[in-house]
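User: Hi! I'm new to reading protein structures. Could you walk me through this one?

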Amino acid sequence: MKNVLVIGSTGQIGSELTRELRKHCGSDNVVAGYIKGCEPTGELKEGGPAAECDVTNPEMIAEVVKKHNIDTIYNLAALLSVVAENKPKLAWKIGIDGLWNVLEVARENKCAVFTPSSIGSFGTSTPHEMTPQDTVQRPGTIYGVSKVTTELLSDYYQKKYGVDTRSVRFPGLISYLTPPGGGTTDYAVDIFYSAVKGEKFVCPIAKGTRMDMMYMPDAMQACINLMEADPEKLIHHNGFNVTAMSFDPEQIFNEIKKHKPNFEMEYDVDPLKQGIADSWPDSLDDSCARAEWGWNPKFDLNAMTVDMLDKLSKKLLG
Ligand code: NAD
């Protein structure tokens with residue numbers, strides 16, 4: 001990994017991954033790819049090169065890759081689960097037609113490619129407890145359908161053309177720098193904003209609904225460690241289960257309440273989000289990621305809550 005392009009660098013993951021990769025690979029060697037209307041600002045803009053890179057435009061991707069001599073592409077362009085459900089055709093155009101364009105450019109220019117999948121790639125017929133690495137994937141959302149296709153198409157390019165494609169199935173990601181982009185697990189970020197602002201939190205996900213989650217620093221390690229893993233040790237390539245914790249709204253509320261005793265929460269369940277959440281696993285088995293490339297998250301619910309409250313308080317309250 002010498003010269004890296006991050007497509008979708010201004011999103012929840014991209015804004016932190018680009019910074020992390022610049023520390024790891026050198027500031028000049030990581031290009032922040034963006035689309036019109038979502039240009040990088042602040043540290044992301046000042047910290048290294050940036051280029052317009054729309055996944056629906058193959059010539060544009062090829063030009064950026066050639067100009068910067070890119071060898072590794074992190075393709076983060078996608079519509080998240082709730083947004084995608086309202087715009088299924090656009091979700092397919094960005095997630096799958098876009099991925100095809102990225103993979104073709106990667107094939108021609110010998111780039112490795114990381115395109116995240118998600119716990120959304122599973123559906124109601126998947127075993128929900130300790131969901132295995134290799135299991136039923138029959139999702140009922142367009143987000144899930146596009147994520148299964150992402151895994152399959154990435155595997156196809158790896159087997160047929162030798163493109164070094166690798167990816168994980170991210171659970172809900174919790175972070176304080178950039179707000180989440182419209183996913184089913186966003187509540188686990190929003191709850192911290194309410195707690196820090198001293199407001200009552202209205203939870204759109206029902207009590208008892210467990211989902212896998214991860215704090216962003218661990219997600220960054222997954223992105224970097226998998227791309228640097230010894231290829232000889234990889235049995236799987238795309239769609240590694242990775243997780244750091246699994247909780248329901250009550251558990252995260254009670255964890256925050258330990259630090260904010262006056263914090264309050266009530267439920268107003270959103271049927272679309274709840275339907276999606278109910279179809280997703282309650283907990284993932286990530287033993288393949290641990291065995292094949294040393295996945296080992298650092299933050300559990302307790303450690304993540306302490307760090308989130310600290311960082312978000314500094315961000316919002318100064
Ligand atoms: P996000 O919505 O915050 O960011 C998406 C980025 O893609 C934005 O910067 C947006 O400008 C860009 N984009 C949109 N259309 C584009 C196009 N045509 N060409 C290029 N870029 C385009 O999403 P995120 O949370 O950063 O997620 C990134 C990836 O990780 C997605 O594939 C998502 O499905 C996956 N993922 C995220 C989570 C999570 O909790 N955030 C969980 C599982 C998987």
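Analyst: Happy to! One idea before we look at helices: an axis here is a line fitted to C-alpha atoms, for helices over the stretch in contact, and angles run from 0 to 180 degrees between N-to-C directions. Also keep in mind that this is a predicted model.

User: Got it. So how do the axes of H5 and H6 sit, and at what angle do they cross?

Analyst: Helix H5 covers residues 88-109 and helix H6 covers residues 142-161; their axes come within 10 Å and cross at roughly 15°. Angles under 35 degrees count as roughly parallel, so H5 and H6 are roughly parallel to each other. The crossing is right-handed.

User: Which residues of H5 and H6 meet there?

Analyst: On the H5 side they include Trp92, Ile96, Leu99, Trp100 and Arg107. On the H6 side you'll find, among them, Val145, Thr149, Leu153 and Tyr157. By class, this contact of H5 with H6 has twelve nonpolar, five polar and two charged residues.

User: Nice. Now H7: what is its crossing with H9 like?

Analyst: Helix H7 (residues 187-197) and helix H9 (residues 249-257) have axes that come within 11 Å and cross at roughly 30°. That makes H7 roughly parallel to H9, and their crossing is right-handed. Tyr187, Ala188, Ile191, Phe192 and Ala195 of H7 make the contact with Pro249, Ile252, Phe253 and Ile256 of H9.

User: How many polar and charged residues are in that contact of H7 with H9?

Analyst: The contact of H7 with H9 has no polar and no charged residues, and nine nonpolar ones.

User: And where does H12 come in, next to H7?

Analyst: Helix H12 spans residues 301-317, and its axis comes within 10 Å of the H7 axis, crossing at roughly 60°. That angle makes H7 oblique to H12. H7 passes H12 in a right-handed crossing. Phe192, Tyr193, Ala195, Val196 and Lys197 in H7 take part, and their partners in H12 include Met304, Met308, Leu312 and Leu316. The contact of H7 with H12 divides into ten nonpolar, two polar and two charged residues.

User: Let's switch to strands. What holds a sheet together, in general?

Analyst: Strands of a sheet pair through backbone hydrogen bonds, either parallel or antiparallel.

User: OK, so what is the order of strands in the sheet with S11?

Analyst: The order is S9-S11-S13, an open sheet of three strands with mixed pairing. Strand S9 (172-174) and strand S13 (245-247) are the edge strands, each pairing on one side only. From one strand to the next, the twist averages 40°.

User: How many bridges join S11 to S13?

Analyst: Three bridges join strand S11 (residues 211-215) to S13, and the two run antiparallel. To see one of them, find methionine 211: its bridge partner in S13 is phenylalanine 247.

User: What about the sheet with S8: what is its pairing?

Analyst: That open sheet has parallel pairing, with three strands in the order S6-S8-S12. Its edge strands are S6 (117-118) and S12 (240-241), each pairing on one side only. Two bridges join strand S8 (residues 168-170) to S12, and valine 168 stands opposite phenylalanine 240 in S12.

User: Zooming out, how many helices and strands does the protein have?

Analyst: The protein has twelve helices and 14 strands. Its radius of gyration is 19 Å, close to the 20 Å that the globule rule gives for 318 residues, so it is as compact as a globular protein of that length. Along the principal axes, its C-alpha atoms fill a box of roughly 55 × 45 × 35 Å.

Methods: Residues numbered from 1 in each chain as written. Predicted model: local features only at pLDDT ≥ 70, side-chain atom pairs only at ≥ 80, totals over all residues. Heavy atoms only, no water. Helix = DSSP H or I, 4+ residues; strand = E, 2+ residues; numbered from the N terminus. Parallel < 35°, antiparallel > 145°, perpendicular 65-115°, else oblique. Left-handed = near helix turned anticlockwise from the far one by under 90°. Contact = heavy atoms within 4.5 Å. Nonpolar A, V, L, I, M, F, W, Y, C, P; charged D, E, K, R; others polar. Pairing = 2+ DSSP bridges. Rg over C-alpha atoms; globule rule 2.2 N^0.38 Å.
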